[in-house]
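Here is a briefing on one protein chain. Look over the sequence and the structure first, then read the points below.

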Amino acid sequence: MQRFHSEVKTLTARPADADHFTVVPIEAADAPSAARRIAEIAARRRYDDDGSVGYLSWDGTGGYYRATIGVQHPSDDGITLRGVTISIHVWPTD
């Protein structure tokens, strides 16, 4: 297990939805696992207990990831996630 620092930014065009924060170092097996845990923290922070992570993908550069977070709602095609996209930057503390 490694410890990872992180920085999270909400990717939005609406100033009211803008958010930027850091998470205290967390322990995870690797950077993608750390990014997933941080996305779960961001979802709970923004949407309380209803928040969930839709997907997490590597941004293609270093420790940068993108995730969708939001609240799940029933729809004609199954379940829809209504929320925002966030950018997560993780790096090891050591």
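S4 and strand S5 (residues 78-92) run antiparallel and pair over 12 bridges. Strands pair when DSSP finds at least two bridges between them. The model is predicted: local features need pLDDT of at least 70, side-chain atom pairs count only at pLDDT 80 or more, and totals for chains, interfaces and linings use all residues. Residues are numbered from 1 along each chain as its sequence is written, and side-chain values use heavy atoms, with hydrogens and water left out.

**Overall build**

- The protein chain holds 1 helix and 5 strands.
- Read from the N terminus, the order of elements is β-β-α-β-β-β.
- The radius of gyration is 13 Å, close to the 12 Å that the globule rule gives for 94 residues, so the protein chain is as compact as a globular protein of that length.
- That radius is taken over C-alpha atoms, and the globule rule is 2.2 Å times the number of residues to the power 0.38.
- Helices (H or I, at least four residues) and strands (E, at least two) are DSSP runs, numbered from the N terminus.
- Along the principal axes, the C-alpha atoms fill a box of roughly 45 × 30 × 25 Å.

**Burial, contacts and surface**

- Of the 94 residues, 34% count as buried.
- Buried means under 20% relative accessible area, exposed means over 50%, and partly exposed lies in between (1.4 Å probe, protein chains only).
- Among contacts with a separation of 6 or more, 48% are between residues 24 or more positions apart.
- A contact means heavy atoms within 4.5 Å.
- The accessible surface of the protein chain is about 5,800 Å², and carbon and sulfur atoms hold 48% of it.
- Accessible areas come from the Shrake-Rupley method with a 1.4 Å probe; for residues, only the protein chains shown count as cover.

**Charge**

- The protein chain carries 10 positive and 13 negative side chains.
- The centres of these two sets lie 4 Å apart.
- Lys and Arg count as positive and Asp and Glu as negative, while His and the chain ends are not counted.
- Each charge is placed at NZ of Lys, CZ of Arg, CG of Asp or CD of Glu.

- Strand S3 (residues 51-58) runs antiparallel to strand S4 (residues 64-75), and 7 bridges join them.
- Ser 52 faces Gly 70 of S4 across this pairing.
- S3 and S4 make a hairpin with 5 residues between them.
- In that turn, Gly 60 has a positive phi of about 95°.
- S4 and S5 also form a hairpin, with 2 residues between them.
- Arg 66 has Ser 87 in S5 as its bridge partner.

**Strand pairing: S1 with S2 and S5**

- Strand S1 (residues 2-11) and strand S2 (residues 20-28) are antiparallel, with 7 bridges.
- S1 also pairs with S5, again antiparallel, over 8 bridges.
- Glu 7 has Thr 22 as its bridge partner in S2.
- In S5, the bridge partner of Glu 7 is His 89.

**Residues in strand S5**

- Ser 87 sits in strand S5.
- Its relative accessibility is 15%, so Ser 87 counts as buried.
- Leaving out residues up to four places away in sequence, Ser 87 touches Glu 7, Val 8, Lys 9, Leu 11, Tyr 64 and Tyr 65.
- Ile 79 is in strand S5 too.
- Ile 79 is exposed, because its relative accessible area is 62%.
- With residues up to four places away in sequence left out, Ile 79 touches Gln 72 and His 73.
- Ile 79 and Gly 51 are 28 residues apart along the chain, and their C-alpha atoms are separated by 14 Å.

**Residues in loops**

- Asp 48 lies in the loop between helix H1 (31-47) and S3.
- Asp 48 is not a glycine, yet has a positive phi of about 55°.
- Asp 48 counts as exposed because its relative accessibility is 56%.
- Thr 12 belongs to the loop between S1 and S2.
- Its relative accessibility of 31% is why Thr 12 counts as partly exposed.
- Thr 12 touches Asp 17 and Ala 18, not counting residues up to four places away in sequence.
- Thr 12 and Val 84 are 72 residues apart in sequence, but 7.3 Å apart in space, C-alpha to C-alpha.
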